[in-house]
Amino acid sequence: MYRRRAHYYVNQNHFRKDSLFKNGFFIFCGANLVAVALQLFLVKNYVIDGGIVGLSIMLSHIIHVDVGALLLLFNIPFLIVGYFCFGSRFLILSLYASSILAGGTYILAPFEELTNNPILVILFGGLILGCGVGMIIRFGACLDGTEVLAILFSEKSPFTIGQCILLFNFIIFTSSIFLFGIREAAYSLATFFVAYKTIDSIIMKE
């Protein structure tokens, strides 16, 4: 799955210039879907995603800072690395996606979660999150800098992209046990599975 996703990052220069508006539109929609998933399903139910998103959710509960702002802040170093490896278009679109997400989470922050039912949180939260992230990746950007590093590390190490991301996420989910509890960590893992299955299906859709 992750090796196929890497193909999208590496080939961003193949996008036509006249598709920028189209890409921007779908990235805008995707980032807002992610904001809905985070603020109306996951964050207030103490359910996290993997990577920088999960780290941002946990830290937002500790220091009470908006999750979108933390995500934008944490992703900047990774996006700079992505710029040197994948080009300026990737950087611009990714910063655009992160900025839209930050704005969306800020707007939705005062609203209550739509459900507390763990099954609905896992299914709808994971599906909406996966759809949003999948659209962003499919149209030339990313929200999670750990995927950028995983692509680069996999090219110079015996580990696959999936193994790199799974290792990082193992640390994130293990940490969430101490912060939220083992039940919430299990819900987070299930949501992560639903989201990444959805991401993969969207990216590989012809």
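The points below cover the basis of the model, one serine, the cysteines and the aromatic pairs.

1. Basis. This is a predicted model, in which local features need pLDDT of at least 70 and side-chain atom pairs count only at pLDDT 80 or more, while totals for chains, interfaces and linings use all residues. Residues are numbered from 1 along each chain as its sequence is written, and side-chain values use heavy atoms, with hydrogens and water left out.

2. Serine 56. This residue belongs to helix H3, which spans residues 51-63 (helices are DSSP runs of H or I with at least four residues, numbered from the N terminus). Serine 56 has a relative accessible area of 0% and is buried (buried means under 20% relative accessible area, exposed over 50% and partly exposed in between, with a 1.4 Å probe and protein chains only). A polar atom of the serine 56 side chain lies 2.8 Å from the backbone oxygen of isoleucine 52. If neighbours within four places in sequence are left aside, serine 56 is in contact with Val67, Leu70, Leu71 and Phe74 (contact means heavy atoms within 4.5 Å).

3. Cysteines. How many disulfides does a search of the whole structure find? The search returns zero, a disulfide being a pair of cysteine sulfur atoms within 2.5 Å. Cysteine 29 is partly exposed at a relative accessible area of 23%, and cysteine 131 is partly exposed at 28%.

4. Tyrosine 46 and phenylalanine 180. The count of aromatic pairs comes to five (rings of Phe, Tyr and Trp, the last by its six-membered ring, pair if their centres lie within 6.5 Å; planes under 30 degrees apart count as stacked, over 60 as edge-to-face and the rest as tilted). The rings of tyrosine 46 and phenylalanine 180 have centres 5.3 Å apart and planes at 50°, so this pair is tilted. Tyrosine 46 lies in the loop between helix H2 (20-42) and H3, and phenylalanine 180 lies in helix H8 (residues 161-180), so the pair ties together parts 134 residues apart in sequence. Tyrosine 46 is partly exposed, at 40%, whereas phenylalanine 180 counts as buried, at 15% relative accessibility.

5. Phenylalanine 173 and phenylalanine 192. Here the ring centres are 5.5 Å apart and the planes stand at 75°, so the pair is edge-to-face. It links distant parts of the chain, with phenylalanine 173 in helix H8 and phenylalanine 192 in helix H9 (residues 182-203), 19 residues apart. Phenylalanine 173 is buried at 9% relative accessibility, and phenylalanine 192 is buried at 8%.

6. Aromatic cluster. Phe25, Phe26 and Phe139 together form one aromatic cluster.

Conventions: Helix = DSSP H or I, 4+ residues; strand = E, 2+ residues; numbered from the N terminus. Polar contact = N/O pair within 3.5 Å; in protein donor to acceptor, adjacent residues only side chain to side chain.
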